[in-house]
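Open the structure in your viewer and follow the stops below.

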Amino acid sequence: MKEFFTSYASLDARYSDHLKKFIEDLKVNVRDRTALGIDEICFFAKEEITTGSVWVKVLGEAVRTCKVIVCLCSPSYYNSEYCGKELSVFLERDKLWAKHATNQETPFILPVIWVKKNQGVPQIFTDWLQTSDGKFPRGYLENGLKKLIELKGRAIGSEYRQVVVRLGDLIEAALDEKPGLPAHPEPIVFGVIENAFQAPSGQSKTLFRRRRCAGSRRFS
């Protein structure tokens, strides 16, 4: 079992190495906060699913057990059926966690603004993107992380580094949460899982009402 799961659209990783490099940097940042080995930190499908593996089983076990999901949000991400299904599994697990949690916050689903899109963001994410978290730099909030990397690079001390450190803080807080996110009790069969981005009208608001009422220390 890995600590966090990277949910991303394959198109976003296909034509640029920025996404992979970002995940590597975030993985190292989280590793430095734990006693775990680097290979125990992050599930990144591009590296974990090898030729000849039964990829749906490997992917299903990862979304069933990883403790945090990092969603790299973009137009391609919102249009990805599998990304929506990965998110759905974590939403189900979050509801199981809420039955035993006392603070009623949701620190386990962390959307990252990978490519900024001002229009058409799915309702399920409109209150989650970190638009008012003062610890994220302005360039990231206004343009998204991919463009920030393209414009300013990955130099130590840059706005890019601020984003990596802040996300590391949030992942660390989620991993320290007691009780932690429970594993899904059943094997994951993607064919029967709903796409979270195509949830019936009003369903996403119901799922997230608890977080807004509690007041999130993460994104609001």
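Predicted model: local features only at pLDDT ≥ 70, side-chain atom pairs only at ≥ 80, totals over all residues.

Which residue forms a salt bridge with R33? Select D169: its closest N and O atoms with R33 are 2.9 Å apart. (A salt bridge is a side-chain nitrogen of Lys or Arg within 4 Å of a carboxyl oxygen of Asp or Glu.) R33 lies in the loop between α2 (18–31) and β2 (42–43) and D169 in helix α9, so the pair ties together parts 136 residues apart in sequence. Helices (H or I, at least four residues) and strands (E, at least two) are DSSP runs, numbered from the N terminus.

Residues are numbered from 1 along each chain as its sequence is written, and side-chain values use heavy atoms, with hydrogens and water left out.

Next, select K85 and E81. They form a salt bridge, with closest N and O atoms 3.2 Å apart. The two are four residues apart in helix α6, so about one helical turn separates them. K85 is buried at 7% relative accessible area, while E81 is partly exposed at 45%. (Buried means under 20% relative accessible area, exposed over 50%, partly exposed in between; 1.4 Å probe, protein chains only.)

Stay in helix α6 (residues 81–98) and pick E92. Then pick A183, 91 residues away in sequence but 9.9 Å away in space, C-alpha to C-alpha.

Last stop: K178 and P179. A cis peptide bond joins them, with omega about -5 degrees. P179 sits in the loop between α9 (159–176) and α10 (203–214).
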